[in-house]
Amino acid sequence: MIAAAEPTTTWYLLLSALLFVIGMVGVMIRRNPLVMFMCIELMLNAVNLSFVSLAPRVANIDGQTAVFFVMVVAAAEVVVGLGIIVSIMRGRTHATVDDVAELKG
Amino acid sequence: MVLLGALGVILRSNPVHAALSLVLTLFGVAVLFVAQDAHFLAAVQVIVYAGAIVVLFLFVIMLLGVDKAEDIKTEPLTAQRPLALVLGVGVFAVLATAIITSTDSVVRRGEGLTPTEVADPDANIRQIARSIFGDYVFAFEVVSILLLVAVVGTVLLTRRQRRVEVVSK
């Protein structure tokens with residue numbers, strides 16, 4: 001049984017790689033900017049997970065500090081991104097990223 | 001469970017369901033943090049991600065009124081999904097190969113964080129505090145300025161343009 005086995009760093013890293021790939025595929029196949037944003041959060045979380053699982057291996061707390069800063073920057077990024085999405089999509093009925101193509105000029 | 005939530009984010013056609021699946025994934029990652037003795041980060045994960053960010057997402061979904069199910073069946077660009085899947089599998093293969101081949105060096109490298117952690121449950125928090133406010137205090141200040149700039153910028157971005165008449169009166 002996998003659940004009974006003690007999870008090793010390799011398992012955590014594989015899980016984080018899988019999470020990252022899921023987020024990446026999500027960004028590529030979804031057309032709703034909000035859902036694409038959620039997928040970006042997924043990828044950030046995957047990287048955070050790999051940082052945290054590697055931090056004890058190198059006997060160093062710096063990995064967890066990096067994760068802390070990544071979280072703060074992700075929060076700021078979500079705030080700004082959602083602000084941009086709101087200001088673009090205001091007054092539109094449905095939102096896909098293809099609609100934003102008319103911005104080019 | 002983490003993977004289930006992640007798949008839910010990209011497969012549910014309703015954005016609200018996707019956001020709730022995201023909550024599942026974020027809580028799962030928080031549990032994994034606890035399992036690896038990163039208690040402080042687990043708390044921050046629950047509060048900031050599962051609390052604030054997902055609430056923000058749901059708020060914007062409701063504000064924009066896009067909580068209708070998206071038509072997920074039609075494919076706007078031909079062959080986009082198969083290509084994305086192939087690329088995803090390829091990237092995962094590369095990552096997995098790198099991880100597995102580097103396992104030995106990773107495992108042999110260190111003997112874990114200082115063993116005092118077992119005796120003192122607050123050691124993790126104390127170590128992080130010493131790291132953030134000691135070694136990285138400048139980055140900490142810069143990050144606080146970044147948050148301030150983000151708040152001001154968002155307010156400016158989403159503010160409605162005030163009508164000229166109202167101003168002139």
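Within chain B of this predicted model, confidence is lowest in helix α6 (residues 116-119), at a mean of 50, and highest in helix α8 (residues 137-158), at 89. The score used here is pLDDT, the predictor's confidence in each residue, from 0 to 100. The mean pLDDT of chain B is 77. A value of 70 or more is reached by 76% of its residues. For the model, ipTM is 0.80 and pTM is 0.79. Because the model is predicted, local features need pLDDT of at least 70 and side-chain atom pairs count only at pLDDT 80 or more, while totals for chains, interfaces and linings use all residues. Residues are numbered from 1 along each chain as its sequence is written, and chains are lettered from A and ligands numbered from 1 in the order in which they are written.

Both chains were assigned secondary structure from DSSP runs, numbered from the N terminus (helices: H or I, at least four residues; strands: E, at least two). Chain A has 3 helices and 0 strands. Its pattern along the sequence is α-α-α. Chain B has 9 helices and 0 strands, in the order α-α-α-α-α-α-α-α-α.

Burial was assigned from C-beta atoms placed from the backbone. A residue is buried if 20 or more other C-beta atoms lie within 10 Å of its own, exposed if 12 or fewer, and partly exposed in between. Of the 105 residues in chain A, 48% are buried. In chain B, buried residues make up 24% of 169. Two residues are in contact if their C-beta atoms, placed from the backbone, lie within 7 Å. In chain A, 49% of the contacts with a separation of 6 or more join residues 24 or more positions apart. For chain B, 44% of contacts between residues at least 6 apart join residues at least 24 apart.

The two chains meet through 58 residues of chain A and 66 residues of chain B. On the chain A side, the elements giving two or more residues are α1 (9-29), α2 (33-54) and α3 (62-89). Helix α3(A) gives the most, with 21 residues. By class, this side has 41 nonpolar, 11 polar and 6 charged residues. Here Ala, Val, Leu, Ile, Met, Phe, Trp, Tyr, Cys and Pro count as nonpolar, Asp, Glu, Lys and Arg as charged, and the others, Gly among them, as polar.

A nonpolar core is a set of buried Ala, Val, Leu, Ile, Met, Phe, Trp, Tyr and Cys residues joined through C-beta atoms within 7 Å. The largest such core has 56 residues, of which Leu19(A) and Met38(A) touch the most other members. At least two core residues come from each of α1, α2 and α3 of chain A and α1, α2 and α3 (39-64) of chain B. Helix α2(A) gives the most, with 11. Beyond its neighbours within four places in sequence, Leu19(A) contacts Leu42(A), Asn45(A), Ala46(A), Leu49(A), Val2(B) and Ala6(B).

Helix α1 of chain B (residues 2-11) has the buried residues Val2(B), Gly5(B), Ala6(B), Val9(B) and Ile10(B). They lie on the same side of α1(B), because they cover an arc of only 135° around the axis (taken from the directions from the helix axis to the C-beta atoms). Their cover includes α1 and α2 of chain A and α2 (15-35) of chain B.

Ala139(B) lies in helix α8 of chain B. Ala139(B) counts as partly exposed because it has 15 C-beta neighbours inside 10 Å. From Asn124(B), Ala139(B) is 15 residues away in sequence and 20 Å away in space, C-alpha to C-alpha.
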